[in-house]
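Hello,

Here is the structure I promised to pass on. Please open it first, then read the notes below it.

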Amino acid sequence: MSKYWSDFVSQLEPYVPGEQPKISNITKLNANENPYGPSPDALAVMQQLSNDDLRLYPPMNADDLKQTIADHYSLSKEQVFVGNGSDEVLAHAFNGLLKQSKPLLFPDISYSFYPVFCQLYGIEYEQIPLADDFSINLHDYLRANGGIIFPNPNAPTGRLLGLNVIEQLLQANPDSVVVVDEAYIDFGGESAVALIDSYTNLLVVHTLSKSRSLAGMRIGYGMGSAELIEGLERIKNSFNPFPLGQLQIAAAIASFEDQDYFQQTCQRIISSREQVSEQLQNLGFEVLPSQANFVFARHSNRPAQELSLALREQGLIVRHFKKPRIDEFLRITIGTEQQNALLIAALESIVGS
Ligand SMILES: *Cc1c(COP(=O)(O)O)cnc(C)c1O
């Protein structure tokens, strides 16, 4: 608290990301980062462009990157918005599209940044409880609303909602914007991008932080009707017209152009996820079906808090949310095969004793 803060700032409760400890020698499975690193082409182009041209402002509308993304998803450039991480794209969507007179709807268990954005922008919201199996039930969303947002696959559960259900949601809500936050869609889900040309109220948000391993570069994008995208551009150009620098733009383009590396690394994580899920089950965990680069698991008789601390003593960090309904779960990011083996060995020693 400070006397210099406005009343508004004093009452904010900011988002708390997974910790980024400085100690080396830890196995970091707490923030859903990609263990394989960015495409070597993305690294090379950033080195190449680290030169005197950085004195210039970047291209204002990141047109080349928008075109690359548009081509990748068979959209037009006018259907693509880019921002400084998908968190920024989401922020503009909350501010520009989801702040309406009726309440915004999202699941009670989902990305914990959503209520923070609502507080920041003064948006009324209702949290809709997930079913007992942690799935999203379409019928719960068939009520008056000023917008709908959910991650798909959901975070932190990892559960995927089918495109048919998303389409029904779009049909039932023609007057409000439906945002599908697909941060983890490349790990086995089917993207709602396919529905964009049929539904002007759909915004699909992606990030290069997870499947493209560029969390440190802060690049995200939104895809939707030209009408929605123009709304986001109006906010962006009233806030920060240059959210992406030259290096970010070039790294993102290089990543999209290196499709082989992308597919290989995603596939490796998917295979590991299946293996880790099975191994955890063998150790007495219930593991929710995941289509993401993490699993959400609870042990039959050992408290999550205790497991999390015991793992930490062995140098492994996973995420534990002390929140109602999920405080017996651990969210474990899928790492390299070697990291996953360390995790399983550590858990064997902990729950086996
Ligand atoms: C990681 C994550 C984001 C944020 O990604 P950035 O692009 O790094 O800001 C957004 N939504 C969900 C559900 C995430 O898990």
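**Around the ligand**

A backbone N or O atom of aspartate 87 sits 3.0 Å from an oxygen atom of the ligand. Keep in mind throughout that this is a predicted model.

In threonine 207, a polar side-chain atom lies 2.5 Å from an oxygen atom of the ligand. In arginine 218, a side-chain N or O atom is 2.8 Å from an oxygen atom of the ligand.

How many residues surround the ligand? There are 13. The closest are Ser86, Tyr184, Thr207, Ser209 and Lys210.

**Two domains**

Now zoom out. The protein is divided into two parts: domain 1 takes in 7-37 + 260-351, and domain 2 covers 40-258. On the domain side of the contact, 33 residues come from domain 1 and 32 residues from domain 2. Taken over C-alpha atoms, the centres of domain 1 and domain 2 are 24 Å apart.

The size of an interface is often given as the accessible area lost when the parts come together. Here, domain 1 and domain 2 bury about 2800 Å² between them. Carbon and sulfur atoms give 61% of that area.

Which residues form a salt bridge? Aspartate 108 pairs with arginine 325, and their closest N and O atoms are 2.8 Å apart. Between domain 1 and domain 2, the count is 1 salt bridge.

Look next at the side of domain 1 that touches domain 2. Helix H9 (259-282) and strand S10 (294-299) each supply at least two of its residues. H9 gives the largest share, with 7 residues. By class, this side of domain 1 has 19 nonpolar, 7 polar and 7 charged residues.

**Backbone points to check**

Most residues other than glycine have a negative phi, and most peptide bonds are trans.

Start with the loop between strand S5 (147-151) and helix H6 (163-172), where proline 153 is found. The peptide bond from asparagine 152 to proline 153 is cis, with omega near -5°. Proline 156 is found in the loop between S5 and H6 too. A cis peptide bond joins alanine 155 and proline 156, with omega about 5°.

Then go to the loop between strand S7 (202-207) and strand S8 (220-224), where serine 213 lies. Is the phi of serine 213 positive or negative? Serine 213 has a positive phi of about 60°, although it is not a glycine.

That is the handover. Over to you.

Best wishes

Key:
Residues are numbered from 1 along each chain as its sequence is written. This is a predicted model: local features need pLDDT of at least 70, side-chain atom pairs count only at pLDDT 80 or more; totals for chains, interfaces and linings use all residues. Side-chain values use heavy atoms; hydrogens and water are left out. Domain bounds come from an automatic or database domain assignment. Contact means heavy atoms within 4.5 Å. Buried area is the accessible area (1.4 Å probe) that two parts lose on being put together, summed over both. A salt bridge is a side-chain nitrogen of Lys or Arg within 4 Å of a carboxyl oxygen of Asp or Glu. Helices (H or I, at least four residues) and strands (E, at least two) are DSSP runs, numbered from the N terminus. Ala, Val, Leu, Ile, Met, Phe, Trp, Tyr, Cys and Pro count as nonpolar, Asp, Glu, Lys and Arg as charged, and the others, Gly among them, as polar. A residue is near a molecule or strand if one of its heavy atoms lies within 4 Å of it. A polar contact is a pair of N or O atoms within 3.5 Å; within protein, one must be able to donate a hydrogen and the other to accept it, and residues adjacent in sequence count only if both atoms are side-chain atoms.
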